[in-house]
Each structure stands twice: as C-alpha cells, then as structure tokens.
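Hi,

Here is the structure I promised to pass on. Have a look at it before you read my notes.

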Amino acid sequence: MRHFGLGLATLLATTAIAAPVAAQTPEQIAQQALAEAPVWDGHNDVPWQLRTRMHNEIHDFDFNDSTKAPSAEGEDGAMQTDLPRLAKGKVGAQFWSVYVSANLPDAQPVQATIEQIDAIKRLVARYPDQLQMAYSTGDVMAARKAGKVASLIGMEGGYSINGSLGVLRQMYALGARYMTLTHSKTIPWADSATDDPQHDGLSDFGRDVVREMNRIGMIVDLSHVSEATMMDVLDVSKAPVMFSHSGARAVNGHARNVPDSVLARLKQNGGIVMTVGYPVFLSEKLRQWGADKSAEEARLKSLWLGQPQQVEAGMQAWRDAHPQPVASASDWADHVDHVRKIAGIDHIGVGGDYDGIDSGPTGMEDVAGYPVLFTELARRGYSKADLEKIASGNITRVFKAVEAYSSAHRNDPPIENPTQF
C-alpha cells in the first residue's frame with residue numbers, strides 16, 4: 001500500500017505538470033507557416049503600373065507608399081503594392097510581370113518588354129535594403145536569408161519575342177525566368193483562351209518555343225492560353241509548367257481558368273497552378289452578374305439608339321435592382337480546394353495578379369491580405385506543412401526541376417529558326 005501511495009502521488013504530480021496544451025488557432029497556424037515559408041507570388045503587375053502611370057520615369061516614385069503614385073490616363077485608384085504592404089502580406093519572393101499590350105505592332109513588343117525589364121531592375125536597385133534581384137532558386141534563398149524580397153522577372157505574352165528564338169534566349173539573358181505563351185490574343189504560334197483559335201493549340205514553331213524554354217531553363221507559363229494549347233504543351237514539355245495566375249474552371253467557368261482535364265495531367269508533369277486573386281475569376285456569381293450586365297446594356301442600346309441618357313438611366317435602374325456580388329477569401333480558398341482535389345497539395349501556389357486588377361477579394365484588396373487567405377485555409381484544415389507548400393514550397397520545387405532539366409541539357413545545341421528580315 002505504501003508503494004502504491006507513492007506511485008499515485010507521483011502520477012498526480014506528473015499529471016498536474018503536463019497540463020493540456022491549447023490548440024492553435026487558424027491565425028496562429030497561418031502566421032507560423034508564413035514565418036517559415038514566406039509567400040512566393042507568381043504574378044504582380046507593378047512594372048505595368050510604372051509604365052502607364054509614370055512612363056517608366058521612376059526617380060520620384062516612392063515604393064514605400066505607392067498610394068501617392070499618379071493615376072494612369074483614364075484610370076483611377078491607388079496601386080496595390082508597396083514595400084510596407086509586401087511585408088505585411090508576408091511576401092518573400094515576387095515574380096514581377098513584364099507585360100506589354102498584345103496590340104502593339106511588329107517588333108514594338110520586344111522593345112517595350114526590354115524597357116519593362118529595365119524598369120523593374122532600376123526599381124530594385126533603388127531599394128537595396130528591401131529588394132534583391134533573383135535569377136535562380138539559390139538567389140531566392142539568399143535574398144530570403146538576407147531579409148529581402150527576391151525579385152524575379154516573368155514575361156507575359158509570347159508576342160514579346162516576335163517569332164524569334166534568338167530573342168527568347170536574349171530575354172532569358174536579361175533575366176526573364178518565365179514566359180506566358182499568350183495573353184488576350186492568339187499569336188502566330190499559339191492559341192489564346194480568349195480569342196479565336198488558329199492552330200488547335202501550338203504550331204510547330206510553338207512546340208520549338210517550349211523545347212527551347214526547357215533547354216535554357218525558362219518556365220513555361222500557361223495562364224491565358226487555350227485548353228488545346230495547354231494540352232499541347234503538356235505533350236511537349238519535359239520540365240514542369242506553371243500557371244502564374246489562374247483559377248479552377250470547375251469553380252468559376254471563365255476561359256482563363258484551368259479545366260479539370262488539364263489539372264488531371266498536371267501531377268504527372270510536376271507543374272503548379274498559382275491560384276489567382278482576381279474576383280471575376282474567383283466568384284462564379286460575379287462572372288454571371290457581369291454577363292447579365294453586358295446583356296442588359298446591349299438590350300438597352302438596341303432599344304434606345306442614339307439616346308445614351310436613356311441607356312444610362314436604364315442601366316442605373318438595373319444596377320439598383322441587381323447589386324454586384326463580391327468575392328472573398330473563401331472564394332479563393334474554394335479554388336485551392338479544387339486544385340488540391342484533382343491535382344494534389346504539391347501543385348498549388350498563389351499568383352495574386354495585384355496591380356493588374358481593379359481590386360482583390362474583400363479583405364484582400366492588396367498584397368497585404370495574403371495572411372487572410374492562409375488563415376482561411378488553416379480554418380479548413382490545411383496543416384502548417386500544407387500552407388508552407390502553397391506559400392512557396394511548391395514553386396521552389398518547380399523552379400528547381402526546371403533548372404535541373406536545363407543543367408542536364410546544357411550541352412544540347414540551341415534550336416534555330418530563320419530570321420524574318
């Protein structure tokens with residue numbers, strides 16, 4: 001009995017010491033994940049804002065407070081990205097998009113793209129304590145270790161190489177580490193998601209573009225391309241591909257989003273969908289509202305020819321009766337859920353498209369809002385390890401695999417194509 005009593009006392013003391021630990025809140029899980037693995041964002045259009053607002057004359061631009069930047073001609077609204085908000089959003093690496101218009105003729109997109117690359121390099125150079133150029137996964141890790149935002153370059157629109165593999169290679173030499181094959185328009189070698197098809201995907205030259213991108217170590221980006229182009233690229237590419245800023249089409253039917261047929265193949269390729277923050281691509285209710293609004297406007301214009309005041313009065317009445325839906329972090333998380341269901345947790349990232357959109361979802365209007373999304377995902381049961389993969393682990397793996405393929409084929413001869421003039 002004496003020995004039993006001592007054992008019971010010891011047990012009671014041990015029990016008192018080992019009190020239950022309170023479960024972590026979703027906010028705490030998200031905070032810890034983003035501290036370990038800061039967001040590596042797939043797409044941000046600050047370079048386009050510099051071009052349209054300041055014509056790339058950025059000597060007076062204050063990236064510590066971009067809300068003071070002048071408005072672009074014909075546009076209102078403050079910028080969505082600056083250094084304090086990147087820090088608040090836990091962004092540790094950023095693909096800056098060097099987008100130029102698909103409407104520029106001939107070789108003008110080449111010059112404009114080079115000017116965009118120059119602008120982002122000059123911006124990074126002005127803030128050496130906060131930003132650092134990165135051209136490899138090693139550079140990204142070095143910048144993160146130094147407490148700086150790793151700044152990478154992504155080209156948006158294959159028309160920027162003007163049908164030349166030589167220009168493609170020189171864009172890589174200038175620092176571009178991905179290229180979105182099309183933008184809003186079909187180009188001579190690849191079909192866009194939002195234009196009439198001409199090639200049923202890729203042309204023969206388009207296939208060579210993909211092969212050469214694999215060889216030199218440039219990630220093939222499939223945001224904006226047609227489903228047939230996606231499939232052709234997956235047939236050709238020997239390295240993982242990316243969608244730098246796209247959603248899941250099963251959740252929102254916009255042509256810019258990724259269909260299940262492609263998500264099902266993404267796992268085999270090893271690629272990634274960096275889920276987008278554009279409300280029109282997130283909320284199906286908002287997409288349908290936009291279509292209904294366009295239809296009503298067309299109806300009123302047909303009824304009231306030459307009477308714009310009647311059209312506007314009718315549209316105001318329609319808007320009053322049909323409030324515009326809003327997108328939320330929950331809508332964004334729905335896309336993450338779906339990509340996980342079809343492709344798996346290893347194939348998800350984030351590509352907000354900030355400063356290329358009017359606004360992000362409610363509560364995530366700018367780059368400062370990423371913790372809101374990760375908190376929502378934690379609330380849905382995503383673990384800290386899951387969140388770290390989505391934040392930056394998965395895109396790191398993709399980029400490393402692209403680099404590894406290129407390194408293994410560094411002695412392969414460049415693919416050549418004839419000059420046009």
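Predicted model: local features only at pLDDT ≥ 70, side-chain atom pairs only at ≥ 80, totals over all residues.

Below are my notes on pockets and helix packing.

The largest pocket holds about 660 Å³ of space. A pocket here is an open set of points on a 1 Å grid over the protein atoms alone, where a 1.4 Å probe fits, with protein on both sides within 12 Å along at least five of seven lines; lining residues have an atom within 4 Å of a point. Volume is the space filled by probe spheres set on the points, which are joined across faces, edges and corners.

Lining the largest pocket are 29 residues, with Y278, D353, G356, I357 and D358 nearest its centre. Helix α3 (residues 46-54) gives the most to that lining, namely four residues. Helices are DSSP runs of H or I with at least four residues, numbered from the N terminus. By class, the lining of the largest pocket splits into seven nonpolar, 13 polar and nine charged residues. Ala, Val, Leu, Ile, Met, Phe, Trp, Tyr, Cys and Pro count as nonpolar, Asp, Glu, Lys and Arg as charged, and the others, Gly among them, as polar.

The second largest pocket has about 250 Å³ of space. It is lined by 16 residues, and D106, Y159, N162, I187 and P188 are the closest to its centre. Nine nonpolar, five polar and two charged residues make up this lining.

**Helix packing**

Helix α2 (residues 26-36) packs on helix α15 (residues 370-379) at an angle of about 120°, with the axes 8 Å apart. Axes are lines fitted to C-alpha atoms, for helices over the stretch in contact, and angles run from 0 to 180 degrees between N-to-C directions. That angle makes α2 oblique to α15 (under 35 degrees is roughly parallel, over 145 roughly antiparallel, 65 to 115 roughly perpendicular, and the rest oblique). P26, E27, I29, A30 and L34 of α2 make the contact with P371, F374, T375, A378 and R379 of α15, where contact means heavy atoms within 4.5 Å. Seven of these residues are nonpolar, one is polar and two are charged.

How do α12 and α13 run relative to each other, roughly parallel or roughly antiparallel? The axes of helix α12 (residues 284-303) and helix α13 (residues 308-321) come within 9 Å and cross at roughly 150°, so the two are roughly antiparallel. This crossing is right-handed as well. On the α12 side the contact uses W289, D292, K293, E296, E297, L300 and K301, and on the α13 side V311, G314, M315 and W318. The classes there are five nonpolar, one polar and five charged.

Lastly, helix α10 (residues 260-269) and helix α14 (residues 329-342) cross at roughly 60°, their axes coming within 8 Å, and are therefore oblique. Here D260, L263 and A264 of α10 meet H338, V339 and I342 of α14.

Cheers

Terms used: Residues numbered from 1 in each chain as written. Heavy atoms only, no water. Left-handed = near helix turned anticlockwise from the far one by under 90°.
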